[in-house]
Amino acid sequence: MPGVNTIAFGGDYNPEQWPREVWDEDVRLMLEAGVNLVSVGIFSWALLEPREGEFDFGWLDDVIEKLHAAGIGVSLGTPTASPPAWFWKAYPDARPVNRTGVPLGFGSRGMASPSSPEYHRAVTRIVTELATRYGNHPAVRIWHVHNEYGAPISDDYSENSVLAFRVWLEDRYSSLDALNAAWGTAFWGQHYGEWSEIDVPRLTPSVVNPAQQLDFARFSNDALLGCFLIEKRILNELSPGVPVTTNYMATSCPSIDYWKWSQEMDIISNDHYLTASREDAHVMLAMDADVTRSLAGGKPWLLLEHSTSAVNWQERNIAKTPGQLARNSMAHFARGADGIMFFQWRASRSGAEKFHSAIVPHAGADSRIFRESKALGNGLGALSSTLGSTVRAKVAILWDWESNWALNLEWRPSEDLSQRRQTETFYTRLWRDGITTDFAHPESDLSGYDLVIAPTLYLVSEAASANLDAYVLGGGVFVASYFSGIVGVNDAVPAGAHPGGLRDVLGLQIDEFRPLRAGQSVTLSNGLSGSIWTDDIRPATASVVTTYEDGPSAGGAAITRNEHGKGTAWYLSTEFDVAALSDVLDGAFAEAGIVIDPTHDENVETVVRHGDGETFTTYINHGENDVTIPGDGIDLLTGSSANPLVLAAGSVSVVRRPE
Ligand code: GLA
């Protein structure tokens, strides 16, 4: 980011919710807390364009000047996630319609129909005005487009959407014959004779054609991306050199294919909120951060939002414990974030989010939360030498939104199938073993990884199938779990036995799926147990590593291993828990040269960022005991020598060492 030469720190700043007297106190407190970047204007459309085509930028001019005078940079929001009341009155057809046919009203926030020409026109006008006025302002460091595309909803069943879906399909298939073949419309008499007969997959008496649903998910993703691109093109033209981003929800927005979006982003940024009900929320945080870094192609990225303490939208909004704010923030830093930002600067007094935490809570600056935020901000100020350093991983988990969309459609062999849960389980095993992990698209270059894991990767395209084959032939170690490689891009089963997309690489065929009953477990010949699934496997070139002792596939293969070219491919036909995966992955780890540090403490999250001739290792002690870490180096947060480093319970250190 131009003009930012240390780790960015700050949050969403909504001065329009406060009288001007508060603005001076805001800036004073921001400086005290080490804030150097704030996101402004995200929901300000109604104030900036109070009537259609009439603009009032006076207040925003004043806010930006005040911040600039204090040396605080601006991440300038485009307010297009919340069109004003006049827009909805004038253009009611721009409202999104839900699957049951109900148009959604004004009074909260969220998308307009992403396919509405009126919305596109209004977006073009306000973004052009903003970019013309502020595009070259020295305080503007970054453009924050819209807000969390895909939330609160991502599907639109309006007439605008129907028309746009047909255009999208014509573009994808060129001919109706091709569409009929791809969708398998011979089934249940769904053949189309005219483009105008095709509808969005609204509520129907039974299950809608799965290929149609999958294409609608792709179309919905592309429609939102199209909205982003309208804005991005204007901003790049009128504000050259200022990077454009939009805030992702990396693993918590199932409807957006962020691999695709990331090709269009100048800088990747993410929002993350803990699921307070989960004991392992910090592991899920790490997974979210690793997905974000992977989307950034291994380059640094920004955490644009997280919370200082409780959110307001979960069943029970649990406050963070002392020190948790720093641990959470520094886990994002450890995994490559070059900016640590919060929602939001000052807690609102009105509106739906008034019970959400902030840097300045309702209690004001004389509060634990402000003090912890300030300590964090000032600590990050000591990390400028880490800026631009990167994280390296030898293991990748395959992550594909399209496969997830397809798997989550109706009428699968078991409702217990979940790519997400399987991914979490494998990731947790690696996290506990202290192994830094990337996420990768199945069609991406995998040659830099020693081990690649495919957790229930249901949909495997022909390109992905060839890519995985080449990866193993070239010497890679590949582990696939059950119900992977079952369908191609149209949710159709390829010719021959399962798993069509992975049959060669795994060296086996599956004659029948044999899912388990709810709560049922099976015992394996190595003494471990599995759940959810088993298969009737017929090995071809694969050898059987472990068999089933009981259950529907008793006597048959449970785990197989296939030597394929210079590499090996393992198949796990049942679900293992995190503990069992230690044993199950042992062989694959050994073949891939992955060594677990015998001194590694599961409570100490340890991640290395590589700089120019030096490394920065973040240690986060999630445990209740102090831990001593041997080795030399400088603890950047305290400035003292770290030989050895005594890491107090709950604390964080960043140690610089020569590479
Ligand atoms: C999201 C939004 C913010 C705010 C927070 C609350 O991340 O982007 O505007 O609503 O959630 O947690």
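This is a predicted model: local features need pLDDT of at least 70, side-chain atom pairs count only at pLDDT 80 or more; totals for chains, interfaces and linings use all residues.

Trainee: Now the ligand. Which residues are around it?

Mentor: The list is F43, R109, N147, E148, D271, Y273, E305, W313, F343, E353 and H356. By type, that shell splits into 4 nonpolar, 2 polar and 5 charged residues.

Trainee: Which side chains have a polar atom 2.8 Å from a ligand oxygen?

Mentor: R109 has a side-chain N or O atom 2.8 Å from an oxygen of the ligand. W313 also has a polar side-chain atom at 2.8 Å from a ligand oxygen. Then there's N147, with a side-chain N or O atom 2.7 Å from an oxygen atom of the ligand.

Trainee: How much of the ligand does the protein cover?

Mentor: On its own the ligand has 300 Å² of accessible area, and the protein covers 96% of that.

Trainee: What kind of space is the ligand in?

Mentor: The ligand takes up the largest pocket.

Trainee: F343 was in that shell. What is the peptide bond from F343 to Q344 like, cis or trans?

Mentor: That one is cis, with omega near 0°. Q344 is in the loop between β9 and α12.

Trainee: Which other peptide bond is cis?

Mentor: The bond joining H498 and P499 is cis, with omega about -10°. P499 lies in the loop that runs between β14 (477–481) and α16 (503–506).

Trainee: Why point these out at all?

Mentor: Because most peptide bonds are trans, and most residues other than glycine have a negative phi.

Trainee: On phi, then: which residues other than glycine have a positive value?

Mentor: T456 is one of them, with phi near 40°. I532 is another, with phi near 70°.

Trainee: Where is T456, and is T456 buried or exposed?

Mentor: T456 is in the loop between β13 (451–454) and α15 (462–473). Its relative accessible area is 0%, so T456 counts as buried.

Trainee: And I532, buried or exposed?

Mentor: I532 is buried, at a relative accessible area of 14%. The loop that holds I532 is between β17 (529–531) and β18 (535–539).

Trainee: What about helix α11, how many of its residues are buried?

Mentor: 10 of the 11 residues in α11 (residues 324–334) are buried, so the helix is largely enclosed by the rest of the structure. Among the buried ones are L325, R327, M330 and F333. Just after α11 comes G336, where phi is positive at about 115°.

Trainee: Switching to A46: where is that one, and is A46 buried or partly exposed?

Mentor: A46 belongs to helix α2, residues 45–48. At 40% relative accessibility, A46 counts as partly exposed. The C-alpha atoms of A46 and P83 are 6.9 Å apart, though the two are 37 residues apart along the chain.

Trainee: Last one. Which side chain makes a polar contact with S389?

Mentor: R609, with a side-chain to side-chain polar contact of 2.9 Å. S389 sits in the loop between α12 and β10 (390–391), and at 3% relative accessibility S389 is buried.

How values were computed
Residues are numbered from 1 along each chain as its sequence is written. Side-chain values use heavy atoms; hydrogens and water are left out. A residue is near a molecule or strand if one of its heavy atoms lies within 4 Å of it. A polar contact is a pair of N or O atoms within 3.5 Å; within protein, one must be able to donate a hydrogen and the other to accept it, and residues adjacent in sequence count only if both atoms are side-chain atoms. Accessible areas come from the Shrake-Rupley method with a 1.4 Å probe; for residues, only the protein chains shown count as cover. On a 1 Å grid over the protein atoms alone, a cavity is a set of points where a 1.4 Å probe fits but cannot get out, and a pocket is an open set with protein on both sides within 12 Å along at least five of seven lines; lining residues have an atom within 4 Å of a point. A molecule sits in a cavity or pocket if more than half of its atoms lie within 2 Å of its grid points. Ala, Val, Leu, Ile, Met, Phe, Trp, Tyr, Cys and Pro count as nonpolar, Asp, Glu, Lys and Arg as charged, and the others, Gly among them, as polar. Helices (H or I, at least four residues) and strands (E, at least two) are DSSP runs, numbered from the N terminus. Buried means under 20% relative accessible area, exposed over 50%, partly exposed in between (1.4 Å probe, protein chains only).
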